[in-house]
Amino acid sequence: MTNAGDNGNALIQVENLQVFFPITAGLFQRRVGEVRAVDDITFEIRKGETLGLVGESGCGKSTTGRALIRLREATGGSVRFDGTDLTQLSTRELRRLRRRMQIIFQDPYSSLNPRMTVGSIISEPIETHNLAANKQAKMQRVRELLALVGLNPNYTNRYPHEFSGGQRQRIGIARALAVEPEFIVCDEPISALDVSIQAQVLNLLIELREQFGLTYLFIAHDLSVVRHISDRVGVMYLGKLVELGPPTAIYETPGHPYTRALLSAVPIPDPKAERRRKRVILTGDVPSPANPPSGCRFHTRCWLYEQLGRPENCRTEDPELRVVATDHRAACHYAEEALQSDVGVAHIAGEQPQRRAFGTGVGVAPVAPVAATAVAEPPPADGDGQSTKTG
Ligand SMILES: Nc1ncnc2c1ncn2[C@@H]1O[C@H](COP(=O)(O)OP(=O)(O)OP(=O)(O)O)[C@@H](O)[C@H]1O
Ligand code: SF4
Ligand SMILES: [Mg+2]
């Protein structure tokens, strides 16, 4: 079977995307190699869906997210947004389309200009895209956006340093929403926040998604958070997408040995289940993306490769991301064996909230906010006396 996107209702279609960074040396900055941060990945993000993206540090998650909205130029392949190939657009055409796609960064401290007031930070994209008739309408919109993300609408004249981390992330979210986007890359949006604040910001993102029918690429390290928010999950290893499927498939019947190894590292709170579980410890360092292993990039650390007696095709043939079950793809020559294995499955909690059916384009049902299972109960408010109520 092919690895091409198989859904006609895709908002984002990524085909054979590559993003390489040059390695230079010497006085004349001669190119001596390249970091293959993203190396030939193909997938789609469906309208209204949240696609979670996980994988070890440096595997190419952020580079993928940025390339999807052309904050990073692709070295090869294409990214289609609602049918338009972003990689072929002129700067002017791209600016027009940019309005429909935004990004929320991990670090709410460095992503907001400390010399600008909150009002100017949020109104900047409104001005850039001419979205308000006059100054009064613009400031009214800024106040609406602050209220929408659970902040006091009268905070427009304050500076970022006057806010807590969670509040700053809310300002970043308000700025992203200012242009009424359809697609948002959320690059580790809660990782830098206090545990007590993480659930609040996660719930805010879920509420906003439901209210505005947003499509997210949600990048995170925390597998429970990703399970909680995602409709499908992608797993990356060393610049490759190695598995893609709904959370039940990825977390309960993973078809890639790497996914099983990742899950195996997550502790289970139930001591009985923890004792029963077969763990695999990933040995060896992550190889360099400047010089990835031949064949399957995971073969230097793969427990199944060892178990199977080191089959030659693992070292010589790069496995394609192929269908292994309904809506479930894995890039392993021995995915069938991996599927049968009882290694590593952690039964990570994180029930999916009731969601609409994708692909119908109708019936966006409001969903009550749910406390994230992975994080502590949030305090009543994020230190600002405001609720996270939207609208
Ligand atoms: N601007 C750059 N120049 C050179 N190499 C880069 C650049 N940005 C990223 N890389 C390299 O590309 C690879 C992928 O980086 P990326 O930031 O996408 O990983 P990531 O999965 O987001 O990691 P993390 O979980 O730590 O955020 C890494 O090896 C990184 O060092
Ligand atoms: S193709 Fe071989 S080395 Fe790669 S994940 Fe599968 S079993 Fe392991
Ligand atoms: Mg990153």
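With 14 C-beta neighbours inside 10 Å, Asp 82 counts as partly exposed. This residue sits in the loop between strand 4 and strand 5 of a predicted model. The phi angle of Asp 82 is near 50°, a positive value in a residue other than glycine.

Phe 81 has Thr 84, in strand 5, as its bridge partner. Both strands belong to an open sheet of four strands, ordered 2-1-4-5, with antiparallel pairing. In general, the strands of a sheet pair through backbone hydrogen bonds, either parallel or antiparallel.

## Overall content and confidence

The chain has 391 residues, of which 45% count as buried. Its secondary structure comes to 13 helices and twelve strands. Among contacts between residues at least 6 apart in sequence, 70% join residues at least 24 apart.

The mean pLDDT of the chain is 86, and 86% of the residues reach 70 or more. Over residues 351-391 the pLDDT is below 50, and this stretch has 78 contacts in the model beyond near neighbours in sequence. The pLDDT also stays under 50 over residues 1-6, for which the model has 13 contacts beyond four places in sequence.

Strand 7 spans residues 183-187; five of its five residues are buried, so the strand is largely enclosed by the rest of the structure. Both of its faces are covered, with Phe 183, Val 185 and Asp 187 buried on one side and Ile 184 and Cys 186 buried on the other.

Strand 6 (residues 101-104) is joined to strand 7 by four bridges, and the two run parallel. In this pair, Ile 104 stands opposite Cys 186. Strand 7 is also joined to strand 8 (residues 215-219), here by five bridges and again in parallel. The bridge partner of Asp 187 in strand 8 is Ile 219.

Glu 188 lies in the loop between strand 7 and helix 6. Its phi is positive, at about 50°, although Glu 188 is not a glycine. Glu 188 counts as buried because it has 20 C-beta neighbours inside 10 Å, and 20 or more is the cut-off for that class.

## The largest nonpolar core

The largest nonpolar core has 100 residues, and those with the most contacts inside it are Ala 174, Leu 217 and Phe 218. Helix 6 (residues 195-212) gives the largest share of this core, eight residues. In soluble globular proteins, nonpolar side chains tend to be buried together.

Leaving aside neighbours within four places in sequence, Leu 217 is in contact with Ile 45, Leu 51, Leu 53, Gly 65, Leu 68, Val 185 and Cys 186.

Around ligand 1 are Phe 21, Val 35, Ala 37, Gly 55, Ser 57, Gly 58, Cys 59, Gly 60, Lys 61, Ser 62, Thr 63 and Pro 289. Strand 2 (30-46) and helix 1 (61-68) are the elements that give two or more residues to this shell. Helix 1 supplies the largest share, three residues. By class, the shell has five nonpolar, six polar and one charged residues.

The shell around ligand 2 is made up of Pro 257, Cys 296, Phe 298, His 299, Cys 302, Leu 304, Tyr 305, Cys 314, Pro 319, Cys 332, His 333 and Tyr 334. Ten of these residues are nonpolar, two are polar and none is charged.

Gly 295 is found in the loop between helix 10 (271-276) and helix 11 (303-307). Gly 295 counts as partly exposed because it has 19 C-beta neighbours inside 10 Å. Not counting residues up to four places away in sequence, Gly 295 touches Cys 314, Arg 315, Thr 316, Glu 317 and Asp 318. Of these, Cys 314 also belongs to the shell around ligand 2. The C-alpha atoms of Gly 295 and Glu 317 are separated by 4.2 Å, although the two residues are 22 apart along the chain.

Note on methods. Residues numbered from 1 in each chain as written. Chains lettered and ligands numbered in written order. Predicted model: local features only at pLDDT ≥ 70, side-chain atom pairs only at ≥ 80, totals over all residues. Near = placed C-beta within 6 Å. Nonpolar A, V, L, I, M, F, W, Y, C, P; charged D, E, K, R; others polar. Buried ≥ 20, exposed ≤ 12 C-beta atoms within 10 Å, placed from the backbone. Contact = placed C-beta atoms within 7 Å. Core = buried A, V, L, I, M, F, W, Y, C linked by C-beta atoms within 7 Å. pLDDT = per-residue confidence, 0-100. Pairing = 2+ DSSP bridges.
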